[in-house]
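Subject: Structure handover

Hello,

Here is the structure I promised to pass on. Please open it first, then read my notes below.

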Amino acid sequence: MFESYQRAAFVEGVRLASNENPLGTSPKALAAVRRIEDLSRYVDDSYLDLRERIARRHGLSRENVVLGHGSNEIVKLVVQTFLRPGEEAVMAVPSFALFRLAVLERGGVSVEVPLREGVSDLEAMLAALTPRARVVFLCDPNNPTGTAVERADFLSFVKRLPPEVVLVVDQAYREYAAPKCVDAIGEVPERPNTIVLRTMSKIYGLAALRFGYAFADVQTVATLEHVRLPFNVAATALAGAAAALDDEAFLQRSVACNEAGKRLLYPAFTALGLSAYPTQANFYALAVPVGATRAYEDLLADGIVVRNGDSLRMPGRLRVTIGAEDENRALLAALGRLLPRWRA
Ligand SMILES: Cc1ncc(COP(=O)(O)O)c(C=O)c1O
């Protein structure tokens, strides 16, 4: 689905292309998966226990929670459920590519609103709403720029959004963001038709397990539950996700690793004469002085795998995951070697 550009993310080398956790997987989650001895029975498809546990952490009830085979699945589920062919979905560009792909696959129309100085332009997104608009996607922090909207701007945006429009706030990277950033889960009971997506693929290091979840008002969750496939979350994912939720130590180590990476990389980029948006996530959108495709290919030849901004509708930039210290230093060394050629 993500076409050829994603294939390079799997080649050998320093893998800074997919915003994965450089510390690996929550050890508690791995241990829980290894303890599984029998997979012959279907799981309880209501998923009530895990929904309850996830909900309670946020002061909500299990009727506010939907589980998914990764949050990707929930993006598609939301589009399938709420968007009819010909209706419009408003989203920023560049933003998470799946929003647009899911809308087009459904026969919907993607209304794409350019970022403003690298940040989702909420005013322009409101202005882009027509009577045919049914869904609005907001990725915050935004992939691929790492930027986040101001809380006051978000609250004002939510207040002015027509109530019948479904607002999807994808917060795949929220755990990395500063506390002052938007935590959209707090908005769920306030505004019906608001769906907040979270994933365990990133900070919990469970990308290959496939587990994501969403919060929404009770009616919206009931509708989504009607449409989702039975048994969409595997027993392995249930066990790993439940254990990871308790692994506060791993979460904190992961945040600390990311913060250390930011402290190393951002000043080093500046010293190399490169600019990046300040990030609230675990990656940077790094501006390069040659075309993004050339920069991406040169880094790949040097053993550093990043994401080519040309394939993310972010020309002139690379998306670079913040890695472990040795990976970050390898990236900086490669940039130091390549920059004289790029500037020649
Ligand atoms: C903004 C955003 N949402 C969702 C996802 C997908 O997460 P999952 O692995 O839970 O499907 C990603 C993964 O890259 C992402 O960047």
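Predicted model: local features only at pLDDT ≥ 70, side-chain atom pairs only at ≥ 80, totals over all residues.

Two helices contribute: α5 (122–127) and α6 (151–160) each give at least two residues to the lining. What classes of residue make up the lining of the second largest pocket? There are seven nonpolar, three polar and eight charged residues.

**The two domains**

The protein divides into domain 1 (4–23 + 249–339) and domain 2 (27–246). Domain 1 is therefore written as two segments, while domain 2 is written as one. Their C-alpha centres lie 25 Å apart. In the contact, domain 1 takes part with 23 residues and domain 2 with 27 residues.

**The seven-stranded sheet**

Seven strands make up an open sheet. Their order is β2-β8-β7-β6-β5-β3-β4, and the pairing is mixed. At the edges are β2 (65–68) and β4 (109–114), each of which pairs on one side only. On average, neighbouring strands of this sheet are turned by 20° against each other, direction ignored.

Helix α4 (residues 97–105) packs on this sheet. The helix touches β3 (88–93), β4, β5 (133–139) and β6 (166–170). The direction of α4 makes about 155° with that of β4.

Look also at β7 (residues 194–199) and β8 (residues 212–215). These strands run antiparallel and are joined by four bridges. In that pairing, R198 has Y213 of β8 as its bridge partner.

**The three-stranded sheet**

A further open sheet has three strands, in the order β9-β12-β11, with antiparallel pairing. The bridge partner of N308 in β12 is L318.

**The cavity**

How many cavities of 30 Å³ or more are there? The count comes to one. The largest cavity holds about 40 Å³ of space. N21, P22, Y176, S254, C257, N258, I322 and G323 line the largest cavity. By class, this lining has four nonpolar, four polar and no charged residues.

**Backbone points to check**

Most residues other than glycine have a negative phi, and most peptide bonds are trans.

- V93 and P94 are joined by a cis peptide bond, with omega about 0°. P94 is in the loop between β3 and α4.
- The peptide bond from N143 to P144 is also cis, with omega near 25°. P144 is in the loop between β5 and α6.
- N19 is not a glycine, yet its phi is positive, at about 55°. N19 is in the loop between β1 (14–15) and α1 (27–34).

Best wishes

Note on methods: Residues numbered from 1 in each chain as written. Heavy atoms only, no water. Pairing = 2+ DSSP bridges. Axes fitted to C-alpha atoms, helices over the stretch in contact; angles between N-to-C directions. Contact = heavy atoms within 4.5 Å. 1 Å grid on protein atoms, 1.4 Å probe; cavity = no way out; pocket = protein on both sides within 12 Å on 5 of 7 lines; lining within 4 Å. Points joined across faces, edges and corners; volume = space filled by probe spheres on them. Nonpolar A, V, L, I, M, F, W, Y, C, P; charged D, E, K, R; others polar.
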